[in-house]
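Here are some friendly notes to read alongside the model. The points go from the overall fold to individual contacts, with each cut-off given where its term comes up.

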Amino acid sequence: MKKIALMIVATAFLTACGKSAEEVHTVDWFKQAENKAVLEDTVKACKNDPGTLGKTPNCINAKEAQRQIFREEMSKAVWDTYKK
């Protein structure tokens, strides 16, 4: 009985240690100007190790934020050109 209890405690401990304590940021958070450096660092890390990080929430959110920022900038550039 003691062995089973010890195995359960050890499994729970190892499971808890394996989980990342990294804070997950939203797309809107990444899009804020004051978080630009974190966005760039996150996307760089995700591109450098897509096998490990590619499907993590921060990589997905950072890539989406980068895509939205690019789309908004291109839309504004086209609109500004059209207004001239």
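1. K76 is exposed, with a relative accessible area of 54%. For the wording used here, exposed is over 50% relative accessible area, buried is under 20%, and partly exposed lies in between, with a 1.4 Å probe and protein chains only.

2. **What the numbers rest on.** Please keep in mind that this is a predicted model, where local features need pLDDT of at least 70, side-chain atom pairs count only at pLDDT 80 or more, and totals for chains, interfaces and linings use all residues. Residues are numbered from 1 along each chain as its sequence is written, and side-chain values use heavy atoms, with hydrogens and water left out.

3. **Overall layout.** The chain has five helices and zero strands, giving the pattern α-α-α-α-α along the sequence. Both kinds of element are DSSP runs numbered from the N terminus: H or I of at least four residues for helices, E of at least two for strands. Of the 84 residues in the chain, 18% count as buried. Among contacts (heavy atoms within 4.5 Å) with a separation of 6 or more, 56% come from residues 24 or more positions apart.

4. **Helix α5.** This helix has 27 residues and runs 39 Å from its first C-alpha to its last, close to the 39 Å expected at 1.5 Å a residue. The expected span is 1.5 Å times one less than the number of residues. Which residues of α5 are buried? They are N58, C59, N61, A62, A65 and Q68.

5. **Helix α3.** Here 13 residues reach 18 Å from first C-alpha to last, close to the expected 18 Å. L39, T42, V43 and C46 are the buried residues of α3. Viewed down the axis of α3, those buried residues fall within an arc of 95°, so they line one face of the helix; the arc is taken over the directions from the helix axis to the C-beta atoms. The face of α3 turned away from that buried side carries the exposed residues D41, K44 and N48. On the buried side, the packing partners of α3 are α2, α4 and α5.

6. **The disulfide.** There is one disulfide in the structure, where the term means a pair of cysteine sulfur atoms within 2.5 Å. The disulfide joins C46 to C59, with an S to S distance of 1.7 Å. C46 lies in helix α3 and C59 in helix α5, so the pair ties together parts that are 13 residues apart in sequence. The link of C46 and C59 is left-handed, with -90° about the S-S bond. Both cysteines, C46 and C59, are buried.

7. Side chains of opposite charge can pair when their charged atoms come close. The rule used is a side-chain nitrogen of Lys or Arg within 4 Å of a carboxyl oxygen of Asp or Glu, and the count comes to four salt bridges. One of them joins E72 and K31, at 2.8 Å from N to O. E72 lies in helix α5 (residues 57-83) and K31 in helix α2 (residues 27-31), so this pair ties together parts that are 41 residues apart in sequence. E72 is partly exposed at 40% relative accessible area, and K31 is partly exposed at 24%.

8. **Salt bridges within a helix.** What separates D80 and K76 along α5? D80 and K76 are four residues apart in that helix, about one helical turn. Their closest N and O atoms are 2.8 Å apart in a salt bridge, and D80 is partly exposed at 29% relative accessibility. K36 and E40 also form a salt bridge, at 4.0 Å from N to O. K36 and E40 are four residues apart in helix α3 (residues 36-48), again about one helical turn. E40 is partly exposed, with a relative accessible area of 44%.

9. **The aromatic pair.** The structure holds one aromatic pair. W29 and F30 form this pair edge-to-face, 5.4 Å centre to centre and with 80° between the planes. The rule takes rings of Phe, Tyr and Trp (its six-membered ring) whose centres lie within 6.5 Å; planes under 30 degrees apart are stacked, over 60 edge-to-face, and the rest tilted. W29 is partly exposed, with a relative accessible area of 24%, whereas F30 is buried at 1%.
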